[in-house]
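Here is a short report on one protein chain. Please keep the sequence and the 3D view open while you read.

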Amino acid sequence: MNIKKKIAHLKTKYKTNNPFELAELLGILILYEELGSINGYYNKQLRLKQLHINCNLNRHEQLFTCAHELGHALLHPNENTQFLRNNTLLSLDKLEIEANKFAMELLISDDSLLEYNEYSIEQLSRLFGYNEKLIELRMK
């Protein structure tokens, strides 16, 4: 599946790249819960897609978590993903990498990357507020 094309289709059809708005428009339920050290997870129960997001995360972390879990919902709809723990953002697992790629493609536009094309990975990481490994994944 071409993640870039999927994102372009979503942005064109729904006129937003906000994962919270997209989830609502797609009929995907978002639940805010006390999840301890877990950022969030996706599951599908009785044909209802659900994104579970840790209510104790700051808004920026919730945004990424929502985008990541939305990636699972759209790319891996029949997989009930394992919990997204703080250290799994850099997982080598194929499903997690795809969900991370989806999140980064959704949250950081090509236009933004062109605007800051002279910035290093480290500078982009600080600018956008995401881990350098996630920025590198977005640059691929």
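The text below goes from the overall fold to the core and then to one helix pair.

**Overall fold**

The model is predicted. The protein has seven helices and four strands. Along the sequence, their order is α-α-β-β-β-α-β-α-α-α-α. The C-alpha atoms fill a box of roughly 45 × 35 × 25 Å along the principal axes. A compact globule of 140 residues would have a radius of gyration near 14 Å, and the protein agrees because its own value is 14 Å. Buried residues account for 45% of the 140. Among contacts between residues at least 6 apart in sequence, 54% join residues at least 24 apart.

**The nonpolar core**

The largest nonpolar core holds 31 residues. Which of them touch the most other members? They are L51, L70, F102 and Y130.

Helix α3 gives the most, with seven residues.

L51 is worth a look in the viewer. Leaving out residues up to four places away in sequence, L51 touches A23, I28, L29, I30, L31, Y41, Y42, C66, E69, L70 and A73.

A23 sits in helix α2. Is A23 buried or exposed? A23 has a relative accessible area of 0%, so it is buried. Beyond its neighbours within four places in sequence, A23 is in contact with I28, I30, L51 and L70. L51 and L70 are also among the core residues that touch the most other members. A23 and E34 are eleven residues apart in sequence, and their C-alpha atoms are 20 Å apart in space.

**Helices α6 and α7**

Helix α6 spans residues 121-128, and helix α7 spans residues 132-139. How do the two pack? Their angle is about 110°, and their axes lie 9 Å apart. That angle makes α6 roughly perpendicular to α7, because 65 to 115 degrees counts as roughly perpendicular. On the α6 side, the contact uses I121, E122, L124, S125 and F128. On the α7 side, it uses E132, I135, E136 and M139. By class, this contact has five nonpolar, one polar and three charged residues.

Note on methods:
Residues are numbered from 1 along each chain as its sequence is written. This is a predicted model: local features need pLDDT of at least 70, side-chain atom pairs count only at pLDDT 80 or more; totals for chains, interfaces and linings use all residues. Side-chain values use heavy atoms; hydrogens and water are left out. Axes are lines fitted to C-alpha atoms, for helices over the stretch in contact, and angles run from 0 to 180 degrees between N-to-C directions. Angles under 35 degrees count as roughly parallel, over 145 as roughly antiparallel, 65 to 115 as roughly perpendicular and the rest as oblique. Contact means heavy atoms within 4.5 Å. Ala, Val, Leu, Ile, Met, Phe, Trp, Tyr, Cys and Pro count as nonpolar, Asp, Glu, Lys and Arg as charged, and the others, Gly among them, as polar. A nonpolar core is a set of buried Ala, Val, Leu, Ile, Met, Phe, Trp, Tyr and Cys residues joined through side-chain atoms within 4.5 Å. Buried means under 20% relative accessible area, exposed over 50%, partly exposed in between (1.4 Å probe, protein chains only). The radius of gyration is taken over C-alpha atoms; the globule rule is 2.2 Å times the number of residues to the power 0.38.
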